[in-house]
Amino acid sequence: MEEHEKLENEFHEEGATEIVPKDEYKRRKLSSSIRAERQETEPGNHFTTKLTSDSEGVVAKTVLRSIPPESQVSVARFEGPNIALYSKNPKFALTELTLHLSSLSRTLKKRFVIKTDPSIRLPEEQTRLTVAKLLPKEVVVSAVFCDDATGEVILEVNKPEAITPELVIEIADSTGWIAHTRLSPHIPSSSISTIHSTLKNSAKERTLFFQQLGNRIFRTPLIITNKNSKSTKLNAEEIQGSYHKGITTAMPEISDAMPQSSMTSKDVMLFCLGGVKQVGRSCFIVMTAESKVMLDCGINPGENPGLDAYPRLDWFNFNIDDLDAVIISHAHIDHQGFLPVLFKFGYKGPVYCTEPTLPLMTLLQLDSVKVAKSNGTYLPYETRDINEVIKHCITLPYGKPTDISPDITITLNNAGHIMGSATVHLNISGVHNILYSGDYKYARTQLLDSALSVYPRVETLITESTYGNSTDVMPDQSVVYRTFTESINQTLLEGGKVLIPVPAVGRAQEIMLVIDKEMKEGRLIESPIYIEGMISEASAIHMSYAHYLGYNVRRSVSHGSNPFQSEYFTLVNGIGKRDEVLKDEHPSIIMATSGMLEGGPSVEYFKDIAPSQKNKIMFVSYQINGTLGRRVIDGTMNEVSMLDKTGKVKVIPIKCQTQKIDGFSGHSDFNQILSFVSRIRPKRVLVNHGERSKSENIASAIYYRSRIRTSVPDHREIVRLR
């Protein structure tokens, strides 16, 4: 869908085209019509541009009267953050109607989205055949997915750039579906297939969900502002009643420390439920008088199941229906691993994330279920809970402002951490702006561009501090690559094997690019490179969303190259093939998940690699406290008890060499954090996602260098932001 943003089948006041006098006349006429309609239905009331679900009928009637009859719009209604228009004439709707909607969006200050009327949509197989006839001969379609809930057809093709806006209009006119494209991956992605299957089977449920969400977002405010004074009062009708159109909710059961009912329209509170003074289980809730929004919902992989492993939702005593939205910054489990549990216990609201984050998140969640069943360990959710996450996900591209509640608009932007990672900008009624950094890299890497740091206003910045010590300064990239290559060469020359435990998402793809480049250019000794785990599946997702990668990788892909395929790579599938790799006495390089030696094939390789002094384990990603990877790299253990293939406990001596290579991390180092904060220039900084000493160190450095109010919250602390 990202390939054809310029088609402008969506509109927003900030991106509207320049209005000519004739359009301005129509805009004013529309505004006058709305006021007249409102006065006619409710004498004494003056309708403003603040839309609520009460005004949906008025808005729909006025919009339908104000657009050309040729558009053949059959329905106009709230759906999510948009006003959806269903047209039986998509060719006209995607061209001429767009001019009228530009001025309408400026008047109503809301985004329109054009959808096709379901009555004109062809069946999926007929759509496939029709599209095949319309596409240029050089374009090969690998998959077609028709989404009844959105009226979109997703085309996986080998050349997305060949699908021009004119061709999209022709496809819509011929099939009744609005086409969006993705690049066909080099191997089919099971995660994307699972998502398509889940969405297809829940189309009716999701259609109702979008309508209910629209009514909730456009609901009448709980706080009514008296324009003649600065006072505010609670809307008693809202308190005693429910959300509009059948979305019921109890009043908040917030702790007595800050009841939502006592908040004014100016209050903004932050509840810290995880991820402060530690790395893991990131979770915050932003609360205003109108809204409750959750930022991330992760787990701590270094802790056993229990209070220390999960966000402290038990402390934030609230009705789960009160949550307006959950926003996921990126796919790593310390930021989204607890999300399925929310749905297990009844959450039915939206989850906002970027387009690549959904399949990557699904991949990691499904793998967690698989590993838990294989190892007989406890996991607080099941596959059906993951399916609920998929049904309720709303994916957003970078840079698109989106209303998620009556008083909060979010915008996701590139964070440079992994593909699809996002900083989250929250605009709260135009009076307070929060930037939640998630995990970010303020420097360009082989795989990704640097995190975006251009924001017009940020009052509160919530920044990570994974590398917050003054000594946490990454060496130059050329030095990193040289150290990496020389270390591997040393082990290969000694006849040993190099095990590189890698996270499947992000670091694996970065290391693949580096190894292939170093070996092709003759600096790295040629040897077999074995790859096992979720790396291949994650790489396929990276190819499908290659436009989210860095400039150099995007350019390579546009020229027909697949950066994640190499003559040196050998995929390992199954235990039998793994045994062959380990029995082979020749030196080799092994890349396997997980990156912290917490489950997955990397643990199985560890059992054979660790006992030999000629082998080496090379860590290229951050190791969370409590994980096996952290204990190995810290040298705090000489042996570890593990289960062998027969299920018996076996003591594994750790005699191999170990090395940690700094510089491959997707996190900002000490200097990069300071540079990012300096560029943002917030009025206040809250530091999270770091060991206590590192968070406190970077907080102190920010204050003394920039004189910005900075603090490190505690778990279960309530921070008043405004």
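Colleague: How many bridges join strand β11 to β12?

Modeller: This is a predicted model, in which local features need pLDDT of at least 70, side-chain atom pairs count only at pLDDT 80 or more, and totals for chains, interfaces and linings use all residues. Residues are numbered from 1 along each chain as its sequence is written, and side-chain values use heavy atoms, with hydrogens and water left out. Strands (E, at least two residues) and helices (H or I, at least four) are DSSP runs numbered from the N terminus, and two strands pair if DSSP finds at least two bridges between them. β11 (residues 283-288) and β12 run antiparallel and form a hairpin with three residues between them; the number of bridges joining them is four.

Colleague: Which residue of β13 is the bridge partner of Val293?

Modeller: Val293 and Leu295 point one way from β12 (residues 292-295), Lys292 and Met294 the other, and all are buried (under 20% relative accessible area; exposed is over 50%, partly exposed in between, with a 1.4 Å probe and protein chains only). Three bridges join β12 to β13 (residues 325-327), and the two strands run parallel. In β13, the bridge partner of Val293 is Ala325.

Colleague: Are helices α14 and α15 roughly parallel or roughly perpendicular to each other?

Modeller: Axes are lines fitted to C-alpha atoms, for helices over the stretch in contact, and angles run from 0 to 180 degrees between N-to-C directions. Angles under 35 degrees count as roughly parallel, over 145 as roughly antiparallel, 65 to 115 as roughly perpendicular and the rest as oblique. α14 (residues 477-493) and α15 (residues 507-520) pack at about 75°, with their axes 11 Å apart. The two helices are therefore roughly perpendicular.

Colleague: Which strands stand at the edges of the open sheet of six strands?

Modeller: The order is β23-β22-β24-β21-β25-β28, with parallel pairing. Each edge strand has a single partner, so one side of each is left without a neighbour in the sheet. The edge strands are β23 (569-571) and β28 (657-660).
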